[in-house]
Amino acid sequence: MQLSLTDIRELAERILRHHGFTEGHVQAVADTVVRGQRDECHSHGLYRLLGIVATLKAGKGVADAEPEVIDHAPAVVKVNAHGGFSPLSFRQGLPLLVDKARSGGIAAMAINNCVHFSALWVEIEALVEQGLVAMAFTPSHAWVAPAGGRKPVFGTNPIAFGWPRPGHNPYIFDFATSAIARGDIELHRRADKPIPLGWGVDAEGQPTTDANAVINGGSMLTFGGHKGSALSAMVELLAGPLIGDLTSAESLAFDDGSRSLPYHGELLVVFDPKRFLGDDCDTHLLRAESLFEGIIDAGARLPSQRRYEARLRSEAQGVELPDALYADLLKLLEA
Ligand code: NDP
Ligand code: PYC
């Protein structure tokens, strides 16, 4: 199916309203999944609506939750999502987070008690647009074995980072600390395609190219062996106990076999370069440009470049949805 961005936005909004989401959630969630689809981040585009509705039906998410923004400490904002989906909590906490970063130079926001389904770059872009440097971390469900271990302990635990670049798209990376996001393995299973070796092992701990064997009884693997494993543990700690919220193992226990989206917290940390550098800010941001030029001169590409190119393409031509996904999305309007 070839659909315009307006078409997919309307479809996403209709599905969310049909399932009783309040208008704030409709707008925040639709915005997030449409951006994912637009930038060809297929694992976190419209596909996520299937999991969102399944989570609601399993009673593991609240469609009319009202996020509560708490001015917790001079540099800390907390947002209690009260069981709702994270994008609205992020939106509502954003102004206070930005104010705190501007006044103190550094600030953090903890989103608690939320269903988390999204790509983190969506939030990082909103912060970088304000001229801030930003990082985000969140656990998920315990699907990933630690390097050298035999059973899942970690979530897919993404880390995202953004740096503003005057006159250019921002430098943003955003990746799971597993070899790949769970969503991508699920998409391979839906399309009946083999996964590359290195993404996961089967129930016996044997390397496999069978997505189903990884999802049902197997384990995902970390990226970069022990290094990804340690980073994944860091995400568990920062966006779990540090903010008083669930680890991936606890999120999976809360799930209780319902196969819902993960339920836990998220930590965002932002820095205001103007506060760090004062009048010298522009000079140093310009110096940073030579790093990006160096990467490109070396023949590499910057992270997010593929995404920015996909965005331009989607804005001009619309997006392509697999027929099976389009059919499953339409079914959500009947159920
Ligand atoms: P990838 O392994 O594809 O890595 C994504 C990042 O690496 C992007 O920033 C990407 O840029 C960049 N990148 C990829 N290839 C290159 C390259 N050759 N040179 C330079 N940069 C490159 O994605 P993941 O599967 O790890 O993660 C996908 C998404 O899943 C993320 O957005 C993440 O937030 C989300 N996720 C969310 C979770 C949650 O709990 N909410 C859990 C796990 C993942 P580009 O996009 O331009 O290719
Ligand atoms: O793709 O790993 C993933 C994921 C987990 C929660 C949201 N996305």
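Visitor: Which strands form the open sheet, and in what order?
Guide: Three strands form an open sheet in the order S6-S10-S9, with mixed pairing; strands here are DSSP runs (E, at least two residues) and helices are DSSP runs too (H or I, at least four), both numbered from the N terminus, and two strands pair if DSSP finds at least two bridges between them. The edge strands, each pairing on one side only, are strand S6 (144-145) and strand S9 (200-201).

Visitor: And what joins S6 to strand S10?
Guide: Two bridges join S6 to strand S10 (residues 219-221), and these two strands run parallel. Within this part of the sheet, Val144 stands opposite Met220 in S10.

Visitor: Before I go on, what kind of model and numbering is this?
Guide: This is a predicted model, in which local features need pLDDT of at least 70 and side-chain atom pairs count only at pLDDT 80 or more, while totals for chains, interfaces and linings use all residues. Residues are numbered from 1 along each chain as its sequence is written, and chains are lettered from A and ligands numbered from 1 in the order in which they are written.

Visitor: Okay, new topic: how is the chain divided?
Guide: The chain is divided into domain 1 (1-57 + 304-335) and domain 2 (65-178 + 222-303), with bounds that come from an automatic or database domain assignment. The C-alpha centres of the two domains lie 22 Å apart.

Visitor: How many residues are in contact there?
Guide: 17 residues of domain 1 are in contact with 18 residues of domain 2, where contact means that the C-beta atoms, placed from the backbone, lie within 7 Å. On the side of domain 1 that touches domain 2, helix H2 (23-38), helix H3 (48-57) and H12 each give two or more residues, and H2 provides the largest share, seven residues.

Visitor: Where does ligand 1 lie?
Guide: Domain 1 and domain 2 both give residues to the shell around ligand 1, so ligand 1 lies between them. It is surrounded by 27 residues, the closest being Ala119, Phe175, Ala176, Ala181 and Arg306; a residue is near a molecule or strand if its C-beta atom, placed from the backbone, lies within 6 Å of it. Strand S8 (171-175) and helix H12 (305-317) are the elements that give two or more residues to this shell.

Visitor: And which residues surround ligand 2?
Guide: The residues surrounding ligand 2 include Ser43, His116, Arg182 and Pro262.

Key. Two residues are in contact if their C-beta atoms, placed from the backbone, lie within 7 Å.
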